[in-house]
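Me: Hi! I'm new to this one, can you walk me through it?
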Amino acid sequence: MKALVYHGPGEKKWESKPDPGIEQPEDAIVRIDTTTICGTDLHILKGDVPTVEAGRSLGHEAVGTVVQTGSAVRDVKEGDRVLVSCISSCGRCAHCKRGLYSQCLNGGGWILGHLVDGTQAEHVRIPFADNGLYKVPEGLSDEQVLFLSDILPTGFEIGVINGALKPGDTAAVVGAGPVGLAAIMTSQLYGPGRVIAIDQDTSRLERARQFGADMTIDNSSEDAVEKVMEVTGGLGADVVIEAVGIPETFELCTELVAPGGHVANVGVHGTPATLHLETLWIKSITITTGLVDTTSTPTLLELVSEGRLDPTPFATHRFGLDEIMDAYDVFSDAANTNALKVVLSAT
Ligand code: NAD
Ligand code: ZN
């Protein structure tokens with residue numbers, strides 16, 4: 001089969017490699033019908049994720065068809081059309097039993113396209129298939145469910161749910177990339193009073209409005225703290241979601257939050273950020289962090305199925321799976337191409 005293989009920082013190739021086979025009784029082999037590229041894949045290619053070894057096929061998002069199952073797989077079978085979760089989990093360990101699938105103690109967590117070969121390939125081996133695959137509800141297209149592999153549950157669980165958003169709240173989302181936009185989209189499920197998107201890219205801010213933001217702030221030219229205080233009567237935002245992953249945006253979030261409010265960090269940070277406890281201790285705020293567990297995937301599938309959530313506007317560019325090298329060029333040049341998510345389909 002063909003796969004997009006990482007060969008060390010800056011090096012990738014769409015090339016032939018052996019078809020994956022069943023290695024463990026709980027494995028399934030899935031034929032990829034549709035996959036996509038994530039910002040994390042770009043981080044890997046920059047060399048920022050040293051745990052990814054040369055020779056690894058990338059990708060942790062896909063919709064596909066089960067072609068083979070191991071002897072212990074019960075819930076999915078050959079021919080099932082499935083959504084691949086970005087998180088693999090045994091379902092049995094102490095963490096999995098509490099729904100902390102991302103922290104699975106038996107070799108699960110974020111492993112696809114990281115520690116084992118991923119979904120940017122013609123076939124993929126899915127460990128713990130019964131937990132990591134979700135049958136696609138009848139009548140839904142690949143594009144309707146593809147973004148439920150990662151960005152929708154991430155924005156929802158680590159942003160909106162960890163942020164404890166309530167009806168009427170003011171939510172501020174810092175960073176309007178795919179993950180921030182997913183938080184903006186799923187925040188609508190909780191009836192917020194006002195959603196404010198903050199970014200430095202005007203095309204991303206335009207998208208934020210399409211995805212449900214009521215107000216946008218370009219913090220390259222506007223003072224975000226001043227603006228948020230102005231519209232909240234000096235209180236600040238009840239829920240602030242960090243979806244960038246750099247010290248300055250985390251610190252901005254702690255300035256935007258209202259007393260008693262929540263800062264939900266979603267961004268992946270590579271360097272330390274300063275926590276200003278000297279001003280924050282008195283404000284009764286809660287700060288949360290998290291790696292997505294994908295426990296919300298069944299709920300999100302239900303909402304898509306019932307027509308209450310439509311993730312299709314994330315798809316801005318479409319390619320054949322074998323055009324993945326071009327798709328990487330478009331996705332990694334989002335400032336010029338305005339790409340949000342690229343959809344790669346097997347023909
Ligand atoms: P992205 O890079 O596509 O988007 C980031 C956005 O932030 C861009 O629109 C950019 O213009 C904006 N931005 C950059 N600097 C800014 C600044 N100083 N002020 C305001 N906006 C700024 O990233 P993404 O794919 O949307 O992911 C967002 C973050 O979420 C990343 O750090 C990613 O690694 C992380 N992530 C976390 C999890 C998790 O489980 N916690 C899962 C997936 C992704
Ligand atoms: Zn586990």
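Reply: Helices (H or I, at least four residues) and strands (E, at least two) are DSSP runs, numbered from the N terminus. This is a predicted model, where local features need pLDDT of at least 70, side-chain atom pairs need 80 or more, and totals for chains, interfaces and linings use all residues. Residues are numbered from 1 along each chain as written, chains are lettered from A and ligands numbered from 1 in written order, and side-chain values use heavy atoms, without hydrogens and water.

Me: How many helices and strands does the chain have?
Reply: There are 13 helices and 15 strands.

Me: What happens at the ends of α8?
Reply: Helix α8 spans residues 224–231, and Asp223 caps its N-terminal end. A side-chain oxygen of Asp223 lies 3.1 Å from the backbone nitrogen of Val225, a polar contact (a donor–acceptor pair of N or O atoms within 3.5 Å; neighbours in sequence count only through side-chain atoms on both sides). Just after α8, Gly233 has a positive phi of about 65 degrees.

Me: OK, switching to the ligand. Which residues are closest to ligand 1?
Reply: Val179, Asp199, Val244, Gly290 and Val292 are the closest of the 23 residues around ligand 1, counting those with a heavy atom within 4 Å.

Me: Which backbone atoms sit by its oxygens?
Reply: A backbone N or O of Val244 is 2.8 Å from a ligand 1 oxygen, and one of Val179 is at 2.9 Å. A polar backbone atom of Val268 is 3.0 Å from a ligand 1 oxygen.

Me: Which elements give two or more residues to that shell?
Reply: Those are α6 (178–187) and α9 (247–256).

Me: And what size of box do the C-alpha atoms fill?
Reply: Roughly 60 × 40 × 40 Å, along the principal axes.
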